[in-house]
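Please open the model in your viewer and keep the sequence panel beside it. The tour begins at a single residue and its neighbours, and then widens to the whole chain.

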Amino acid sequence: MEANTDRALLGASLAFAGATVLSSAVAIRDRLPGEPLGVGVPLSVPAGLLVGWGAGIAAPWPMPVAAVMAAAAARREPSAFPGMVCTVIGLGCIFGTLVEPVTRRPRSWSPAAGLAIGLNVAASAALIAAGLHHRATARAPQRQGGS
């Protein structure tokens, strides 16, 4: 059961990373800078992504990297911590999506931007679910067979 939980967490983190790559490409193409709560940086969209600021529809690259690293660590050493890390990252991405001005202007979205936003939210929700499940099963007492 534990190996399945670890695989689910790794799969969700890789899906989240894939959604981030796709949404970063769309953000560059559509020129959608990151402006959480209206706060921007004087960088182009590609430069903002490169330095880890993110974009209007893309999570900053440290988030998926941390999620994949946490999920990979969960496979080596059983602990509730990787699940908690992935849960927090997923929640952070959903919150980040909600505070971007572009999210509140759906009529301005290209079809690709709408798809990227949907994939980001879905991948974030999967990361949250897998993280919570991993955390719960890592904390559950392990049963000893035959004793």
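Select Ala74 and display its surroundings: leaving aside residues up to four places away in sequence, Ala74 touches Asp6, Leu9, Pro82 and His134, where a contact means heavy atoms within 4.5 Å. This is a predicted model, in which local features need pLDDT of at least 70 and side-chain atom pairs count only at pLDDT 80 or more, while totals for chains, interfaces and linings use all residues. Residues are numbered from 1 along each chain as its sequence is written, and side-chain values use heavy atoms, with hydrogens and water left out.

Next, colour residues 62-76, which form helix H3 and include Ala74; helices here are DSSP runs of H or I with at least four residues, numbered from the N terminus. Is Ala74 buried or exposed? Ala74 counts as buried because its relative accessibility is 1%, the cut-off for buried being under 20% relative accessible area with a 1.4 Å probe, protein chains only.

Now draw a distance from the C-alpha atom of Ala74 to that of Ile94, which lies 20 residues away along the chain, and the separation is 23 Å.

Finally, show the whole protein chain as a cartoon, where you will find five helices and zero strands. The C-alpha trace spans about 60 × 25 × 20 Å along its principal axes, and buried residues make up 40% of the 147 residues. Among contacts with a separation of 6 or more, 72% come from residues 24 or more positions apart.

Key: Helices (H or I, at least four residues) and strands (E, at least two) are DSSP runs, numbered from the N terminus. Buried means under 20% relative accessible area, exposed over 50%, partly exposed in between (1.4 Å probe, protein chains only).
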